[in-house]
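Let's take a walk through a protein chain together, one stop at a time.

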Amino acid sequence: MNSAYQDGPRLLADIGEDHVRFALETAPGRVKDGATLPCAHYTRFEDAVVDYLASVFHSHRGQVRHAVVAIAETANAGGHRWPLSIARARVELGFDTLLVISDSTAHDSPRLANGFTWLLSSPLPALSGAAA
């Protein structure tokens, strides 16, 4: 069994055309707390992250220090266009690390593939109370 990350779970996010999917990787290959949010309900990616983390931890500050966000090449085709400044989002969300990659990179990287394969292949519930 893999040991838990000593500095807390990693946030995994996948931004698609219409939805953003979230999960937490608590140790290498151990993923939990998956959820799906509609992109159209949020004006910014950061707002969706705050809602997701609040649903898991009841607060978004301090629980997650590292995040990886995969963005589909077709993400803008769904009509939403989230402005994303990686540096600003990292500071606002209180992350030490915010890595933004293409979804194809997420699947091709041996270190990322397990978490993102789980995230994309698992039926994830929609969060109740998501911002409208």
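Start at I86, which is found in helix α2 (residues 86-93). Helices here are DSSP runs of H or I with at least four residues, strands are runs of E with at least two, and both are numbered from the N terminus. Before going further, note that this is a predicted model, where local features need pLDDT of at least 70 and side-chain atom pairs count only at pLDDT 80 or more, while totals for chains, interfaces and linings use all residues. Residues are numbered from 1 along each chain as its sequence is written, and side-chain values use heavy atoms, with hydrogens and water left out.

Is I86 buried, exposed or partly exposed? With a relative accessible area of 38%, I86 is partly exposed, since buried means under 20%, exposed means over 50%, and partly exposed is in between (1.4 Å probe, protein chains only). Leaving aside residues up to four places away in sequence, I86 touches L98 and V100; a contact means heavy atoms within 4.5 Å.

Now zoom out. The chain has 4 helices and 5 strands, and along the sequence they follow the pattern β-β-β-α-β-α-β-α-α. Of its 132 residues, 42% count as buried. If you take contacts between residues at least 6 apart in sequence, 66% of them join residues at least 24 apart.

Next, find strand β4 (residues 66-71), where 5 of the 6 residues are buried. Which strands pair with β4? One is β1, in the parallel sense over 6 bridges, and another is strand β5 (residues 97-102), also parallel over 6 bridges. Two strands count as paired if DSSP finds at least two bridges between them. To spot the pairings on screen, look for R10 opposite H66 in β4, and for V68 with its bridge partner L99 in β5.

Not counting residues up to four places away in sequence, R10 touches Y5, A23, L24, E25 and H66.

On to the aromatic rings. Rings of Phe, Tyr and Trp (its six-membered ring) pair if their centres lie within 6.5 Å; planes under 30 degrees apart are stacked, over 60 edge-to-face, and the rest tilted. By this rule there are 2 aromatic pairs. F22 and Y52 make a stacked one, 4.9 Å centre to centre with 15 degrees between the planes. This pair links distant parts of the chain: F22 is in strand β2 (residues 19-27) and Y52 in helix α1 (residues 45-57), 30 residues apart. Both F22 and Y52 are buried, and together with F45 they form one aromatic cluster.

Finish at D33, in strand β3 (residues 30-38). Most residues other than glycine have a negative phi. D33 is not a glycine, yet its phi is positive, about 60 degrees. D33 is partly exposed, with a relative accessible area of 35%.
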